[in-house]
Amino acid sequence: MTTLVLTVIGDDRAGLVKALADVVSAHDGNWEQSHLAELAGQFAGIVVVTVPDAAEAALRADLRPLTGLLDVVVHQGSV
(Lines give C-alpha, C1' and ligand atoms only; values in the text may rest on other atoms or scores of the structure.)
Protein backbone atom coordinates (compact mmCIF):
# COMPACT_ATOMS: atom_id res chain seq x y z
CA MET A 1 0.00 0.00 0.00
CA THR A 2 1.08 3.55 -0.75
CA THR A 3 0.29 6.45 1.57
CA LEU A 4 -0.47 9.79 -0.04
CA VAL A 5 -1.22 13.16 1.51
CA LEU A 6 -3.60 15.29 -0.54
CA THR A 7 -3.92 19.01 -0.05
CA VAL A 8 -7.14 20.38 -1.50
CA ILE A 9 -8.69 23.80 -1.94
CA GLY A 10 -11.67 25.11 -3.85
CA ASP A 11 -14.71 27.34 -3.65
CA ASP A 12 -16.86 26.03 -0.83
CA ARG A 13 -19.90 24.22 -2.25
CA ALA A 14 -21.85 21.02 -1.82
CA GLY A 15 -20.36 17.80 -3.16
CA LEU A 16 -16.63 18.50 -2.85
CA VAL A 17 -15.90 15.78 -0.30
CA LYS A 18 -17.98 13.26 -2.25
CA ALA A 19 -16.17 14.07 -5.52
CA LEU A 20 -12.80 13.49 -3.87
CA ALA A 21 -13.94 10.38 -1.99
CA ASP A 22 -15.38 8.87 -5.17
CA VAL A 23 -12.02 9.11 -6.95
CA VAL A 24 -10.18 7.55 -4.00
CA SER A 25 -12.76 4.77 -3.73
CA ALA A 26 -12.65 4.05 -7.48
CA HIS A 27 -9.01 3.03 -7.03
CA ASP A 28 -9.65 0.81 -4.00
CA GLY A 29 -8.17 3.50 -1.79
CA ASN A 30 -8.93 4.20 1.84
CA TRP A 31 -9.56 7.65 3.32
CA GLU A 32 -7.48 7.30 6.50
CA GLN A 33 -7.85 10.72 8.09
CA SER A 34 -8.46 14.33 7.21
CA HIS A 35 -8.68 17.86 8.47
CA LEU A 36 -11.22 19.85 6.48
CA ALA A 37 -12.36 23.44 6.97
CA GLU A 38 -14.19 26.35 5.40
CA LEU A 39 -11.93 29.39 5.48
CA ALA A 40 -12.90 32.74 3.94
CA GLY A 41 -15.36 31.07 1.57
CA GLN A 42 -12.87 28.42 0.52
CA PHE A 43 -13.00 24.71 1.25
CA ALA A 44 -9.54 23.61 2.36
CA GLY A 45 -8.23 20.32 3.59
CA ILE A 46 -5.51 17.80 4.12
CA VAL A 47 -6.43 14.19 3.47
CA VAL A 48 -4.35 11.07 4.09
CA VAL A 49 -5.24 8.16 1.83
CA THR A 50 -3.79 4.73 1.23
CA VAL A 51 -4.05 3.03 -2.14
CA PRO A 52 -2.71 -0.23 -3.56
CA ASP A 53 0.73 0.35 -5.07
CA ALA A 54 -0.50 -0.66 -8.52
CA ALA A 55 -3.30 1.96 -8.41
CA GLU A 56 -1.21 4.98 -7.36
CA ALA A 57 -0.48 6.32 -10.85
CA ALA A 58 -4.10 5.96 -11.95
CA LEU A 59 -5.34 7.70 -8.79
CA ARG A 60 -2.95 10.59 -9.35
CA ALA A 61 -4.14 10.88 -12.97
CA ASP A 62 -7.82 10.79 -12.01
CA LEU A 63 -7.37 13.54 -9.42
CA ARG A 64 -6.24 16.00 -12.11
CA PRO A 65 -9.71 16.46 -13.65
CA LEU A 66 -10.95 17.76 -10.29
CA THR A 67 -9.11 21.02 -11.06
CA GLY A 68 -11.78 23.67 -11.37
CA LEU A 69 -13.83 21.94 -8.72
CA LEU A 70 -10.91 21.35 -6.37
CA ASP A 71 -7.22 22.03 -6.77
CA VAL A 72 -5.51 18.88 -5.52
CA VAL A 73 -1.80 18.51 -4.81
CA VAL A 74 -0.55 14.99 -4.12
CA HIS A 75 2.36 14.49 -1.75
CA GLN A 76 4.08 11.20 -1.04
CA GLY A 77 3.34 10.12 2.52
CA SER A 78 5.56 8.18 4.84
CA VAL A 79 4.71 5.50 7.33
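Is Asp 28 buried or exposed? In this predicted model, Asp 28 is exposed, with a relative accessible area of 60%. The residue sits in the loop between helix 1 and strand 2. Although Asp 28 is not a glycine, its phi is positive, about 60°.

Four strands make up an open sheet, and their order across it is 2-3-1-4. The pairing is antiparallel. Strand 2 (30–39) and strand 4 (71–76) are the edge strands, each pairing on one side only. On average, neighbouring strands of this sheet are turned by 15° against each other, direction ignored. Helix 1 (residues 16–26) packs on the sheet and touches strand 1, strand 2 and strand 3 (42–51). The direction of helix 1 makes about 160° with that of strand 2.

| Strand pair | Bridges | Residues opposite each other |
|---|---|---|
| Strand 1 and strand 3 | 10 bridges | Thr 2 and Val 51 |
| Strand 1 and strand 4 | Six bridges | Thr 7 and Val 73 |

Strand 1 covers residues 2–11. Thr 3 lies in this strand. Thr 3 counts as buried because its relative accessibility is 17%, and the cut-off for buried is under 20%. Between Thr 3 and Pro 65 there are 21 Å in space, C-alpha to C-alpha, and the two are 62 residues apart in sequence.

Strand 3 is mostly covered, with eight of its 10 residues buried. In a regular strand, side chains alternate between the two faces of the sheet.

**The hairpin**

Strand 2 and strand 3 form a hairpin, with two residues between them. Ala 40 is in the turn, that is, in the loop between strand 2 and strand 3. Like Asp 28, Ala 40 has a positive phi without being a glycine; for Ala 40 the value is near 50°. How accessible is Ala 40? At 82% relative accessibility, Ala 40 counts as exposed, since the cut-off for exposed is over 50%.

**The nonpolar core**

Which residues have the most contacts inside the largest nonpolar core? They are Leu 6, Leu 20, Leu 59, Leu 63, Leu 66 and Leu 70, in a core of 18 residues. Strand 1, helix 1, strand 3 and helix 2 (56–63) are the elements that give two or more residues to this core. Helix 1 supplies the largest share, five residues. In soluble globular proteins, nonpolar side chains tend to be buried together.

Leu 20 shows what such contacts look like. Leaving out residues up to four places away in sequence, Leu 20 touches Leu 6, Val 8, Trp 31, Val 47, Leu 63, Leu 66 and Leu 70. Among these, Leu 6, Leu 63, Leu 66 and Leu 70 are also listed with the most contacts inside the core.

Definitions and conventions
Residues are numbered from 1 along each chain as its sequence is written. This is a predicted model: local features need pLDDT of at least 70, side-chain atom pairs count only at pLDDT 80 or more; totals for chains, interfaces and linings use all residues. Side-chain values use heavy atoms; hydrogens and water are left out. Two strands pair if DSSP finds at least two bridges between them. Axes are lines fitted to C-alpha atoms, for helices over the stretch in contact, and angles run from 0 to 180 degrees between N-to-C directions. Contact means heavy atoms within 4.5 Å. A nonpolar core is a set of buried Ala, Val, Leu, Ile, Met, Phe, Trp, Tyr and Cys residues joined through side-chain atoms within 4.5 Å. Buried means under 20% relative accessible area, exposed over 50%, partly exposed in between (1.4 Å probe, protein chains only).
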